[in-house]
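The following paragraphs lead through a single protein chain, from its overall form to a few of its residues. Please look at the sequence and the model before reading on.

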Amino acid sequence: MTNPRVAKLADQIKMITAEMLERRIKDPRLGFVTVTDVRLTGDSREATVFYTVFTEEEPGGTAAALESAKGLIRSTIGKKLGLRFAPSIAFIPDSTPEAAAAIEDLLARVQAGDAELAKQREGKTFAGDADPYKHDDEDSEED
């Protein structure tokens with residue numbers, strides 16, 4: 001279980017980072033970035049910031065822009081939160097959109113397979129009787 005203080009710091013770091021990217025970082029390589037999550041170690045020394053880029057012409061441009069702005073973001077976090085040691089920051093692209101697309105693709109394939117099986121099953125009947133189990137009242141009639 002995570003420490004409530006660490007969870008609160010992670011949430012504040014997320015808000016400060018998003019605000020910095022929106023208002024203060026003016027790098028032209030920076031695409032339309034959304035900060036999706038921040039994970040902080042138990043001792044609050046390292047923060048991992050997960051981000052998603054929606055419109056990016058050059059794949060490495062946003063990553064390079066975030067890497068160059070890392071020092072400014074770290075110092076601002078330290079000042080605004082009043083921390084003795086500002087956490088070091090690592091920016092990681094979030095894989096949630098790709099995972100969601102993969103799940104949607106799998107669900108579509110399963111749905112297509114179910115529709116194909118339903119089409120094959122049309123007009124078919126079970127082999128044998130509708131109720132294949134022997135009942136007690138049938139045994140008394142045979143005696």
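Among contacts in the chain between residues at least 6 apart in sequence, 59% join residues at least 24 apart; contact here means heavy atoms within 4.5 Å. The model is a predicted one, in which local features need pLDDT of at least 70 and side-chain atom pairs count only at pLDDT 80 or more, while totals for chains, interfaces and linings use all residues. Residues are numbered from 1 along each chain as its sequence is written, and side-chain values use heavy atoms, with hydrogens and water left out.

The chain holds 4 helices and 3 strands. In sequence order they form the pattern α-β-β-α-β-α-α. Helices (H or I, at least four residues) and strands (E, at least two) are DSSP runs, numbered from the N terminus.

What is the radius of gyration of the chain? The value is 29 Å, whereas a compact globule of 143 residues would have one near 15 Å. The radius is taken over C-alpha atoms, and the globule rule is 2.2 Å times the number of residues to the power 0.38. Along its principal axes, the C-alpha trace spans about 95 × 40 × 20 Å.

Of the 143 residues in the chain, 25% are buried. Buried means under 20% relative accessible area, exposed means over 50%, and partly exposed lies in between (1.4 Å probe, protein chains only). The accessible surface of the chain is about 10800 Å², and carbon and sulfur atoms account for 53% of that surface. These areas come from the Shrake-Rupley method with a 1.4 Å probe, and for residues only the protein chains shown count as cover.

The chain carries 19 positive and 27 negative side chains, and the centres of the two sets are 23 Å apart. Lys and Arg count as positive, Asp and Glu as negative, while His and the chain ends are not counted. Each charge is placed at NZ of Lys, CZ of Arg, CG of Asp or CD of Glu.

Some single residues come next. Val6 is part of helix α1. Val6 counts as buried because its relative accessibility is 8%. Leaving out residues up to four places away in sequence, Val6 touches Leu40, Thr41, Gly42 and Ser44.

Is Ser44 buried or exposed? With 12% relative accessibility, Ser44 counts as buried. Ser44 is not a glycine, yet has a positive phi of about 60°. Most residues other than glycine have a negative phi.

Asp27 is found in the loop between α1 (4–23) and β1 (33–40). Its relative accessibility is 18%, so Asp27 counts as buried. The side chain of Asp27 makes a polar contact with the side chain of Arg29 at 2.8 Å. A polar contact is a pair of N or O atoms within 3.5 Å; within protein, one must be able to donate a hydrogen and the other to accept it, and residues adjacent in sequence count only if both atoms are side-chain atoms. Apart from neighbours within four places in sequence, Asp27 is in contact with Ala65 and Ser68.

Thr52 belongs to strand β2. Thr52 is buried, since its relative accessible area is 8%. Not counting residues up to four places away in sequence, Thr52 touches Phe32, Val33, Thr34, Thr36, Asp94 and Pro97.

The last two residues are Asp114, in helix α3, and Thr125, in the loop between α3 (96–121) and α4 (136–142). Asp114 is partly exposed, with a relative accessible area of 46%. The C-alpha atoms of Asp114 and Val49, 65 residues apart along the chain, are separated by 40 Å. Thr125 is exposed, with a relative accessible area of 72%. Between the C-alpha atoms of Thr125 and Arg74, 51 residues apart along the chain, the separation is 69 Å.
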